[in-house]
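Q: Could you walk me through this model, one piece at a time?

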Amino acid sequence: MKEKVSAVILAAGKGLRAGFGRNKLLAPLCGAPALYHTLKKFDIPEIDEVVITSSDFDFGEISAIAAPFGFRTVKGGETRAESVKNALNSVTGDIVLIHDGARPFVGRELILKCLDDVRRFGSGVCAVPAVDTEVMARDGEICARLDRDGLYHVQTPQGFYTADIKQAYACSGGADYTDDSAVYGAFIAKPHLTRGDIKNKKLTYKQDFDIPPVRLPSVGGAAVGFGVDVHAFCAGVFVTLGGVKIDCDRALAAHSDGDVVIHAVMDALLSAAGLDDIGHYFPDTDPEYDGADSMRLLERVVREIKKRGFKPANISVSVQAEKPRLAPHIDAMTDNISRAARLSPQNIAVAAGTCEGLGFVGEGLGIAAYCICTLDNI
């Protein structure tokens, strides 16, 4: 009889070190929420069931990303260990792979290798050998050197027989383990290492994302900025883009109004001025911005860059969406941005297109927007 395989994807953290002002797994990565890429890797025939953990705060957005895959979302806990235990109570597989949602570059070969090691050895813990000199430090000074021979950097996925890892966590009490292999090793058996992959890196800081809002080099004396935003579809009857409410058979999951066009514009303006991104100024953890009107936030951004001695000079936005049809609304979006940015419509370009059925947007799972802007000195 074939053993049923479950996967647990951990996405209940806050990701504060990334500095996005929201869960980093909801931030854009290559045209989709970072979590989407991780889930896509586990949407394979060898995995029978996927359970994703989420905080109460992000439950709606994470559920929206998970729904098209047919994956389940469950409430996580205050710590990683609590989230794992909650998820393990929901899985039904004989084998379970536990994986960080912040590792979207995991490959299918590694997933299958980990799964095979569980069947052969009882556990499979992905890890890569240390290649740098390893030291221990205290108060900013090196106090010991470690022999890197035999040292490994532990990754995920980590695979176990479900009954074993559940028993290990049951025995652990309330201890806050940050690694599943440590729990397994403390109460069940020595974990078996599965040779990992250096490409399977964890997204931790903003620079780990390949399309962060950045300030680009100046062109002809003008400051140039780039911004991007993306949101998944959820249940609803309209979307708000460029300040325009547009009838649609879906809505965009977000804590504000989900206006990806205006969010991209704001990030571009802020980055051009050398300021932090919108997550810093309007964190989605602040109740003030629950359901916020993004046009009003754009007006505040324009005032903020004015304090730095800048004003918008040119704004160019590209929206990618399979639905709804945006062409009839381009002029209204342009006019709204013009008023909020205090910029002539002639200096604003809004373009819309599809992704020809490819990727997150092409599969009709959400909408993405990109913006490049220039600023002039006041």
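**A strand, its hairpin and a sheet**

Q: Which residues make up the covered face of strand β15, and which the uncovered one?
A: In strand β15 (residues 244-247), Val244 and Ile246 form the covered face, while Lys245 and Asp247 form the uncovered one. Strands here are DSSP runs of E with at least two residues, helices are runs of H or I with at least four, and both are numbered from the N terminus.

Q: Before going on, what sort of model is this?
A: This is a predicted model, in which local features need pLDDT of at least 70 and side-chain atom pairs count only at pLDDT 80 or more, whereas totals for chains, interfaces and linings use all residues. Residues are numbered from 1 along each chain as its sequence is written, and side-chain values use heavy atoms, with hydrogens and water left out.

Q: OK, how many bridges join β14 to β15?
A: Strand β14 (residues 238-241) is joined to β15 by 4 bridges, and the two run antiparallel; a pair requires at least two bridges found by DSSP. Within this pairing, Phe238 stands opposite Asp247 in β15.

Q: And what about the turn in that hairpin?
A: The hairpin of β14 and β15 has 2 residues between the strands, and Gly242 takes a positive phi near 60° there.

Q: Switching topic: what is the strand order in the open sheet?
A: The 7 strands of that sheet follow the order β5-β4-β1-β6-β10-β7-β11, with mixed pairing. β5 (72-75) and β11 (193-195) each have a single partner strand, so one side of each is left without a neighbour in the sheet. On average, neighbouring strands are turned by 30° against each other, direction ignored, with axes fitted as lines to C-alpha atoms, for helices over the stretch in contact, and angles running from 0 to 180 degrees between N-to-C directions.

Q: In what sense do β6 and β10 pair?
A: Strand β6 (residues 95-100) and strand β10 (residues 152-161) pair in the antiparallel sense over 4 bridges, and Val96 stands opposite Phe160 in β10. Helix α5 (residues 162-171) packs on the sheet and touches β6 and β10, its direction making about 110° with that of β10; contact here means heavy atoms within 4.5 Å.

Q: Last one, how much of the whole protein is buried?
A: Of its 378 residues, 52% count as buried, meaning under 20% relative accessible area, with exposed set at over 50% and partly exposed in between (1.4 Å probe, protein chains only). The protein has 11 helices and 19 strands, and its C-alpha atoms fill a box of roughly 70 × 55 × 35 Å along the principal axes.
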